[in-house]
Amino acid sequence: MVQYNFKKITVVPNGKDFVDIILSRTQRQTPTVVHKGYAISRLRQFYMRKVKYTQQNFHEKLSTIIEEFPRLDEIHPFYGDLLHVLYNKDHYKLALGQINTARNLISKIAKDYVKLLKYGDSLYRCKSLKVAALGRMCTVIKRIGPSLAYLEQIRQHMARLPSIDPNTRTILICGYPNVGKSSFMNKITRADVDVQPYAFTTKSLFVGHTDYKYLRYQVIDTPGILDRPFEDRNIIEMCSITALAHLRAAVLFFLDISGSCGYSIAQQAALFHSIKSLFMNKPLIIVCNKTDLQPLDAISEEDRKLVEEMKAEAMKTVIGQGGEPANEEGVLLTMSTLTEDGVIVVKNAACERLLNQRVELKMKSKKINDCLNRFHVALPKPRDQKERPPCIPQAVLEAKAKQEAEEKRKTEKDLEEENGGAGVYAASLKKNYLLSNDEWKEDILPEILDGHNVYDFIDPDILLRLEELEREEGIRQAEEEGDDFEMDGEELSPEEKEALAEIRKKKSLLIQQHRIKKSTAESRPVVPRKFDTNRKFTTKRMGRQLSTLGLDPSLAINRARSKSRGRKRERSVDRGEADGGDAMDIDCNQASKKLRLRSTSRSRSRSRPPSEVVPGEGLRDSAQKVKAIKLAKKSVKMRNKNARRGEADRVIPTLKPKHLFSGKRSNGKTQRR
């Protein structure tokens with residue numbers, strides 16, 4: 001099965017774009033730097049390469065155009081005549097011929113200039129020959145600019161043509177304009193053809209697909225045809241004539257018996273007889289449409305006679321296919337696309353006639369002989385006169401009877417049919433609710449009650465949680481009964497009872513204050529301790545409380561102050577004093593100024609040397625640690641030199657930042673470059 005897909009044809013650029021594409025590609029794909037100091041052989045090779053590369057690109061582009069456009073003599077006659085009707089075969093071939101001539105001219109120009117470049121004696125002469133060669137090639141392309149533009153328009157129009165397979169099962173709809181062809185196609189296929197109450201709404205071929213007996217049929221809606229000489233028909237009508245002439249299909253000739261299309265039955269019959277030569281060897285069906293406006297029985301005697309003549313012509317196609325003359329069914333059919341009366345009958349009759357014809361043609365072909373010897377149809381024959389009824393086991397019969405006797409469970413489908421069908425019956429989603437009382441199932445649950453959302457106060461697990469709380473409460477009560485450590489206050493003296501009450505009161509106050517502070521922590525501003533008037537736990541108050549208890553508060557106050565103050569740096573022990581005091585002799589009676597001058601500076605704490613081994617480092621001695629430090633410094637030396645953050649740093653820096661190396665240089669310094 002041959003498929004013609006014209007959407008895959010490459011876009012054809014115009015003359016100017018064609019030249020820009022090829023020259024820019026030559027500039028990008030070939031070397032661009034040459035010096036006059038090069039050897040003359042190198043200069044010749046440089047420019048010869050440019051000319052050859054340009055010629056190759058032109059040749060490839062033009063060859064693609066020539067090969068992708070269909071050749072009218074090699075494709076199916078239907079597409080050949082259709083393209084001739086739409087685009088004029090002579091103009092089409094002339095445009096492709098000019099493309100082919102341009103391709104040959106460019107090849108000849110490149111060949112000539114490559115010969116001349118072989119004898120170039122200087123850089124200037126080689127460059128001039130290259131410029132001349134490319135200029136002549138571009139001139140050739142610019143001269144075929146109109147042909148390129150014409151082919152691009154044809155390509156765009158061909159891409160919009162429907163994809164029609166000339167060899168598949170096809171149903172062809174034809175007739176006068178506005179007789180209901182497009183309406184019938186919209187009914188039997190998924191196509192969406194525009195339908196309007198005026199003539200020539202359909203201006204080109206439209207394709208749809210329908211199914212019959214698990215086979216796919218191609219339905220083609222053709223534009224309307226007028227009864228006039230062949231030479232006077234326009235392009236729209238010629239599309240229909242081309243389809244009728246070349247497609248092996250079942251033909252539906254639509255007849256408007258109501259006359260609402262603007263043409264009488266006599267005019268439509270004259271059209272039928274003028275094009276009946278195109279119906280030869282094809283299944284033909286006369287379809288009387290718009291019977292909702294006027295039935296076939298209500299037409300006049302003259303019109304009835306014309307319809308019978310058309311029916312007789314259609315019967316000739318049945319006889320030509322090997323049918324019986326008495327079989328008049330499926331030749332003259334009536335229908336109405338408005339009420340859809342008879343639409344499916346017409347479709348089935350056309351598909352059946354076409355299928356029978358294709359089967360007969362295949363049976364008459366030579367290929368069927370290769371297949372018939374592989375088939376064997378087995379037909380069972382009775383071996384005697386004895387009757388053999390079907391034998392069904394008794395258990396199966398009893399199970400069937402029991403199943404029929406049982407009451408059938410009603411499904412949702414049965415309930416829907418009993419209660420008005422789809423759109424009337426609504427299935428209840430509440431009948432399967434598990435409630436204590438079945439009468440509650442259909443109760444309406446309020447969503448809003450007293451301005452509150454009811455669902456916020458509903459907890460489906462509330463009973464389980466209540467049981468858990470009661471169980472936990474019982475466990476705690478049992479534990480409290482078993483504990484003997486609770487102070488009941490019975491074994492305490494009156495003074496202890498007062499102290500206990502005071503402690504509990506104080507504890508409750510502290511808890512309340514903490515809760516207040518915690519609840520207002522986010523909104524309460526931070527106040528420095530210097531201005532905090534609510535500060536109660538001070539050293540003075542602590543001293544008073546300890547004094548009332550008969551304790552000495554001085555040690556506790558000093559300890560609190562030492563904890564609150566920062567640790568000051570104390571003067572370390574002087575080295576001279578540590579060594580015995582021989583390093584410095586100070587006269588205590590001298591003035592403090594001289595004493596400050598003679599005194600040594602404040603010594604700092606001694607730090608551990610790097611080579612000292614610390615327990616836990618895993619090193620044997622200081623020599624091994626020094627060696628490890630050297631190796632570590634050596635390993636990071638290259639990393640630091642490359643400005644890496646670490647061992648995993650694999651970033652590739654921008655070696656030439658665009659803002660420093662782009663644009664033209666202005667007058668002035670260029671040190672930053």
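Trainee: Is T242 buried or exposed?
Mentor: This is a predicted model, to start with. In it T242 is buried, because its relative accessible area is 5% and the cut-off for buried is under 20%.

Trainee: Which helix does T242 lie in?
Mentor: T242 belongs to helix α8, residues 235–246.

Trainee: And what does T242 touch?
Mentor: Leaving aside residues up to four places away in sequence, T242 touches F78, D81, L82 and V85.

Trainee: Which other residues of α8 are buried?
Mentor: Besides T242, the buried ones in α8 are E237, M238, C239, S240, I241, A243 and L244.

Trainee: What covers them?
Mentor: The cover over the buried residues of α8 includes helix α3 (77–87) and the strands β1 (170–175) and β4 (250–256).

Trainee: How far apart are the ends of α8?
Mentor: The end C-alpha atoms of α8 are 16 Å apart. That agrees with expectation, because 12 residues at 1.5 Å a residue should span 16 Å.

Trainee: You mentioned strands. How many strands form the open sheet, and in what order?
Mentor: There are 6, in the order β2-β3-β1-β4-β5-β6, and their pairing is mixed.

Trainee: Which are the edge strands?
Mentor: β2 (206–212) and β6 (332–334), each of which pairs on one side only. Neighbouring strands in this sheet are turned against each other by 25 degrees on average, ignoring direction.

Trainee: In what sense do β2 and β3 pair, parallel or antiparallel?
Mentor: Antiparallel, over 7 bridges, with β3 covering residues 215–221. One of the bridge partners is Y217 in β3, which goes with T210. The two strands form a hairpin with 2 residues between them, and K213 in the turn has a positive phi of about 55 degrees.

Trainee: And β5 with β6?
Mentor: β5, residues 284–289, pairs with β6 in the parallel sense over 3 bridges. Opposite C288 you will find T334 in β6.

Trainee: Which helix lies across β1, β4 and β5?
Mentor: Helix α9, residues 265–274, which runs at about 160 degrees to β4.

Trainee: Changing topic: at what angle do α2 and α5 pack?
Mentor: About 10 degrees, with the axes 9 Å apart; α2 is residues 40–68 and α5 is residues 123–143. So α2 is roughly parallel to α5, since angles under 35 degrees count as that.

Trainee: Which residues make the contact?
Mentor: On α2 they include L43, Y47, V51 and F58, and on α5 they include L123, A133, L134 and I141. By class, the contact has 11 nonpolar, 2 polar and 4 charged residues.

Trainee: What about α6, which residues are buried there?
Mentor: G145, S147, L148, L151, E152, I154, R155 and M158 are the buried residues of α6. Their cover includes α1 (15–29), α2, α3, α4 (89–117) and α5. Helix α6 itself, residues 145–159, reaches 21 Å from its first C-alpha to its last, close to the 21 Å expected for its 15 residues.

Trainee: Last one. How many helices and strands does the protein have, and how much of it is buried?
Mentor: It has 22 helices and 8 strands. Of its 673 residues, 29% count as buried. Among contacts with a separation of 6 or more, 66% come from residues 24 or more positions apart.

How values were computed:
Residues numbered from 1 in each chain as written. Predicted model: local features only at pLDDT ≥ 70, side-chain atom pairs only at ≥ 80, totals over all residues. Heavy atoms only, no water. Axes fitted to C-alpha atoms, helices over the stretch in contact; angles between N-to-C directions. Helix = DSSP H or I, 4+ residues; strand = E, 2+ residues; numbered from the N terminus. Parallel < 35°, antiparallel > 145°, perpendicular 65-115°, else oblique. Contact = heavy atoms within 4.5 Å. Nonpolar A, V, L, I, M, F, W, Y, C, P; charged D, E, K, R; others polar. Buried < 20%, exposed > 50% of the residue type's maximum accessible area, 1.4 Å probe, protein only. Expected span 1.5 Å × (residues − 1). Pairing = 2+ DSSP bridges.
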